[in-house]
Amino acid sequence: MSRLIYLGGSLIIMLASFYPLLSLIDSLGNVHELSTLAIGLIIVWLVVALIFGLLLFYFTWNDIIEEEEEKYI
């Protein structure tokens, strides 16, 4: 059960990492309101959160697969 929570958490992390990107896309009409630093920080946050979420998802999924394989051995 805890692995399902980890999978759900990793999906939430990945989805939450897209919120700043959507906010950035939404405000591109008002480019003068955003600084280059803010754009850079949003992109860095997006990359870090996405990588963390993907790694968490991958390792949790791997554990579930290995556990299922051990049941049939």
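## Surface patch and aromatic pairs

Ile-43, Val-47, Ile-51, Leu-55, Tyr-58 and Phe-59 together make a nonpolar surface patch of about 570 Å². The model is a predicted one. Ile-43, one of the patch residues, lies in helix α2. Its relative accessible area is 41%, so Ile-43 counts as partly exposed; membership of a patch requires over 30%. Tyr-58, also part of the patch, is partly exposed as well, at 47% relative accessibility.

A search of the whole structure gives two aromatic pairs. One of them joins Phe-57 and Trp-61, whose rings are stacked, with 6.1 Å between the centres and 10 degrees between the planes. Under 30 degrees between planes counts as stacked, which is why the angle of 10 degrees places the pair in that class. Phe-57 and Trp-61 both belong to helix α2 (residues 36-71), and because they are four residues apart there, about one helical turn separates them. Phe-57 is partly exposed, at 29% relative accessibility, and Trp-61 is partly exposed too, at 44%.

Tyr-58 and Phe-59 form an aromatic pair that is edge-to-face, at 5.3 Å centre to centre and 70 degrees between the planes. Tyr-58 and Phe-59 are also both members of the nonpolar patch.

The two pairs are set out below.

| Pair | Centre to centre | Angle between planes | Class |
|---|---|---|---|
| Phe-57 and Trp-61 | 6.1 Å | 10 degrees | stacked |
| Tyr-58 and Phe-59 | 5.3 Å | 70 degrees | edge-to-face |

## Helix α2

Does the span of α2 agree or disagree with its 36 residues? At 1.5 Å a residue, the 36 residues should span 52 Å, and the end C-alpha atoms lie 53 Å apart, so the two values agree. The buried residues of α2 are Ile-42, Leu-46, Ala-49, Gly-53 and Thr-60. Each of these five therefore has a relative accessible area under 20%.

## The protein as a whole

The secondary structure consists of two helices and zero strands. Of the 73 residues, 16% count as buried. The accessible surface comes to about 5800 Å², and carbon and sulfur atoms account for 72% of that area. Among contacts with a separation of 6 or more, 83% are between residues 24 or more positions apart.

Terms used. Residues are numbered from 1 along each chain as its sequence is written. This is a predicted model: local features need pLDDT of at least 70, side-chain atom pairs count only at pLDDT 80 or more; totals for chains, interfaces and linings use all residues. Side-chain values use heavy atoms; hydrogens and water are left out. Buried means under 20% relative accessible area, exposed over 50%, partly exposed in between (1.4 Å probe, protein chains only). Contact means heavy atoms within 4.5 Å. Accessible areas come from the Shrake-Rupley method with a 1.4 Å probe; for residues, only the protein chains shown count as cover. Rings of Phe, Tyr and Trp (its six-membered ring) pair if their centres lie within 6.5 Å; planes under 30 degrees apart count as stacked, over 60 as edge-to-face and the rest as tilted. The expected span of a helix is 1.5 Å times one less than its number of residues. Patches are made of residues with over 30% relative accessible area and no salt bridge: like charges are joined within 9 Å, nonpolar side chains (Val, Leu, Ile, Met, Phe, Trp, Tyr) within 5 Å. A salt bridge is a side-chain nitrogen of Lys or Arg within 4 Å of a carboxyl oxygen of Asp or Glu.
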